[in-house]
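Please look over the sequence and the structure shown here, and then read on.

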Amino acid sequence: MENAVNSFTIWIDADSCPVQVRDLTLRFATRLQIPLHYVANRIIPHPETPLISMTVCEANPNAADDYIVEHILPNDLAITRDIPLASRLVDKKICVLNDRGVVFTEKNIAEKLASRNLNYMLLENGLLPAEKKGNTYGKKEINAFANSLDRELQKKLRALKSSN
């Protein structure tokens, strides 16, 4: 999906994105008339509207991630809970946030990636339980995401307005 110089697209790494986050992002995109692009290894249910597009990638482990990295434009915004993908996008100077409202930046991505890699190694070696307690997703997390998304979208819209 191409976007004009004076606009941007919201990209969602949709394979593991919670339905609540997809729905909330859809409401923001519709209200603000911002194109929304889902990328996943399977079809994600979404309304048929010119504002929304979907790319279904091969079922290879990083196909959706690679597609996003290759096609996202500098002014776009990405939503993903995939920290390695977030790291690749931050390297491209893309605004990236997760489903809990964390904005990944050049200052925090290395620590987030190191922590993710350590937890993955501990899990693979049986030193970390598969289900961690406190890993819930409820109203608090949805509100944090909504606030973060609104803040980042407003920054982008203000920047676009001042550049015109």
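How many residues has the largest nonpolar core, and which of them have the most contacts inside it?

## The model

The structure is a predicted model, in which local features need pLDDT of at least 70 and side-chain atom pairs count only at pLDDT 80 or more, while totals for chains, interfaces and linings use all residues. Residues are numbered from 1 along each chain as its sequence is written, and side-chain values use heavy atoms, with hydrogens and water left out.

## The nonpolar cores

The largest nonpolar core has 27 residues, and those with the most contacts inside it are Ile-10 and Ile-79. Such a core is a set of buried Ala, Val, Leu, Ile, Met, Phe, Trp, Tyr and Cys residues joined through side-chain atoms within 4.5 Å, where buried means under 20% relative accessible area, exposed means over 50%, and partly exposed lies in between (1.4 Å probe, protein chains only). At least two residues of this core come from each of β1 (10-13), α1, β2 (36-40), β4 (77-79), β5 (95-97) and α5; helices (H or I, at least four residues) and strands (E, at least two) are DSSP runs, numbered from the N terminus.

Leaving aside residues up to four places away in sequence, Ile-10 touches Thr-25, Ala-29, Ile-34, Pro-35, Leu-36, His-37, Leu-77, Ile-79 and Leu-153, contact meaning heavy atoms within 4.5 Å. A second, separate core has 18 residues, including Trp-11, Val-39, Val-69 and Ile-109.

## Two pairs of helices

Two packed helices are described by the angle between their axes and the distance between the axes. Here the axes are lines fitted to C-alpha atoms, for helices over the stretch in contact, and angles run from 0 to 180 degrees between N-to-C directions. The axes of helix α1 (residues 19-32) and helix α5 (residues 139-163) come within 11 Å and cross at roughly 30°, and α1 and α5 are therefore roughly parallel to each other, a description that applies to angles under 35 degrees. The contact is made by Gln-20, Val-21, Leu-24, Thr-25, Phe-28, Arg-31 and Leu-32 of α1 together with Ile-142, Phe-145, Ala-146, Leu-149, Asp-150, Leu-153, Gln-154 and Leu-157 of α5. These residues divide into 10 nonpolar, three polar and two charged, with Ala, Val, Leu, Ile, Met, Phe, Trp, Tyr, Cys and Pro counted as nonpolar, Asp, Glu, Lys and Arg as charged, and the others, Gly among them, as polar.

The axes of helix α2 (residues 63-71) and helix α3 (residues 83-91) come within 10 Å and cross at roughly 15°, which makes α2 roughly parallel to α3. On the α2 side the contact involves Asp-65, Asp-66, Ile-68 and Val-69, and on the α3 side Leu-85, Arg-88 and Leu-89; this contact divides into four nonpolar, no polar and three charged residues.

## Individual residues

Ala-64 lies in helix α2 and, at 3% relative accessibility, counts as buried. Residues that Ala-64 touches, not counting those up to four places away in sequence, are Asp-13, Asp-15, Val-39, Ala-40, Asn-41 and Cys-57. The C-alpha atoms of Ala-64 and Asn-41, which are 23 residues apart along the chain, are separated by 6.5 Å.

Most residues other than glycine have a negative phi. Gln-33, although not a glycine, has a positive phi of about 55°; this residue is found in the loop between α1 and β2 and is exposed, with a relative accessible area of 56%. Lys-93, also not a glycine, has a positive phi of about 65°, is placed in the loop between α3 and β5, and counts as exposed at 59% relative accessibility.

Terms used
Angles under 35 degrees count as roughly parallel, over 145 as roughly antiparallel, 65 to 115 as roughly perpendicular and the rest as oblique.
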